[in-house]
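Trainee: Before I rely on any label attached to this model, I would like to see how each one is reached. Could we go through them together?

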Amino acid sequence: MRDTHEESLQAWEGNADYWDARMGDHSNTFHRLLVRPPTEKLLGIQPGDFVLDIACGNGNFTQRLVELGARVVAFDYSGKMIENARRRRAGVLDKTEFVVCDATDSDWYLSSCVYKGEALLGQPVLHNYYHRSLQEILGTAFAVGFVLDAFVETADNDPEFPVIVTMRLKKLA
Ligand SMILES: C[S@@+](CC[C@H](N)C(=O)[O-])C[C@H]1O[C@@H](n2cnc3c(N)ncnc32)[C@H](O)[C@@H]1O
């Protein structure tokens, strides 16, 4: 199959300002009447939920998610879309992080990035989280003489799904 990825990206870059003008602050009727109701029903947003908005465009639904009580990391591969989203959603940037990112990029985990979040539900000011791959974190420690000598994965509600990783690093004498 022909690789149309670059062509697709260029089309959305070319349509970003038009999309922003048409969707505006509150999206269009089609979206409000047909897309949002079932999406919101399935999501069932609770205050404090943390949502990933993939391919967010100008962030109209991102804003809606914030209005429903969520904190959101929203991304789109079009830099122009994200530029427009940051401008239009200036009022909710304390609850949202807009990032340029390609959903088809399978290496995204390896890229460092920063996003806002909360450690305690309802804390007054969101703080920065600095995503780093394990190889970057451990590589930095290994490079200055630390070795990993213990590793524990701890589950919470789902006994087969660890939510905490605890590691011990020791510096070689
Ligand atoms: C139809 S618009 C929908 C925008 C937004 N979700 C909304 O409801 O208004 C599709 C969006 O998907 C983005 N997109 C398409 N392929 C993508 C990819 N591989 N990674 C990230 N964004 C992508 C486009 O740039 C565009 O903003």
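Mentor: Let us begin with Val 147, which, leaving aside residues up to four places away in sequence, touches Lys 170 and Leu 172. Please keep in mind throughout that this is a predicted model.

Trainee: Where does Val 147 lie, and what makes it count as buried, partly exposed or exposed?

Mentor: Val 147 lies in strand S6, which covers residues 146-155. It has 12 C-beta neighbours inside 10 Å, and a residue is called exposed if it has 12 or fewer, so Val 147 counts as exposed.

Trainee: How far apart are Val 147 and Leu 172, in sequence and in space?

Mentor: They are 25 residues apart in sequence, and their C-alpha atoms are 7.0 Å apart in space.

Trainee: What makes Phe 75 count as buried or exposed?

Mentor: Phe 75, whose place is in strand S2, has 23 C-beta neighbours inside 10 Å; the label buried asks for 20 or more, and Phe 75 therefore counts as buried. Not counting residues up to four places away in sequence, Phe 75 touches Ile 54, Cys 56, Val 99, Val 100 and Cys 101.

Trainee: Which residues of helix H4 are buried, and how do you know on which side of H4 they lie?

Mentor: In H4, residues 79-88, the buried ones are Met 81, Ile 82, Asn 84 and Ala 85. Because they cover an arc of only 160 degrees around the axis, they are on the same side of H4. Their cover includes helix H1 (5-23), helix H3 (60-67), strand S2 (71-76) and strand S3 (96-100).

Trainee: Why are H1 and H4 called roughly parallel or otherwise?

Mentor: In general, two packed helices are described by the angle between their axes and the distance between those axes. Here the axes of H1 and H4 come within 8 Å and cross at roughly 25 degrees. Angles under 35 degrees count as roughly parallel, and H1 and H4 are therefore described as roughly parallel to each other.

Trainee: Which residues make that contact between H1 and H4?

Mentor: From H1 they are Trp 12, Glu 13, Ala 16, Asp 17 and Asp 20, and from H4 they are Lys 80, Met 81, Asn 84 and Arg 88. Sorted by class, this contact of H1 with H4 has three nonpolar, one polar and five charged residues.

Trainee: What is around the ligand, and which residues come nearest?

Mentor: There are 14 residues around the ligand, of which Trp 12, Ala 55, Gly 57, Tyr 77 and Ala 103 come nearest. H1 and H3 each supply at least two residues of this shell, and its classes are eight nonpolar, four polar and two charged.

Trainee: What is noted about the phi of Ala 55, and why is this residue called buried, partly exposed or exposed?

Mentor: Ala 55 has a positive phi of about 60 degrees although it is not a glycine, and it is found in the loop between strand S1 (50-54) and H3. With 14 C-beta neighbours inside 10 Å it falls between the cut-offs of 12 and 20, so Ala 55 counts as partly exposed.

Trainee: What makes Gly 24 buried or exposed?

Mentor: Gly 24 also has its place in the loop between H1 and H2. It has 12 C-beta neighbours inside 10 Å, and since 12 or fewer is the condition for exposed, Gly 24 counts as exposed. Gly 24 and Asp 3 are 21 residues apart in sequence and 32 Å apart in space, C-alpha to C-alpha.

Definitions and conventions
Residues are numbered from 1 along each chain as its sequence is written. This is a predicted model: local features need pLDDT of at least 70, side-chain atom pairs count only at pLDDT 80 or more; totals for chains, interfaces and linings use all residues. Helices (H or I, at least four residues) and strands (E, at least two) are DSSP runs, numbered from the N terminus. The arc is that of the directions from the helix axis to the C-beta atoms. Two residues are in contact if their C-beta atoms, placed from the backbone, lie within 7 Å. A residue is near a molecule or strand if its C-beta atom, placed from the backbone, lies within 6 Å of it. Ala, Val, Leu, Ile, Met, Phe, Trp, Tyr, Cys and Pro count as nonpolar, Asp, Glu, Lys and Arg as charged, and the others, Gly among them, as polar. Axes are lines fitted to C-alpha atoms, for helices over the stretch in contact, and angles run from 0 to 180 degrees between N-to-C directions. Angles under 35 degrees count as roughly parallel, over 145 as roughly antiparallel, 65 to 115 as roughly perpendicular and the rest as oblique.
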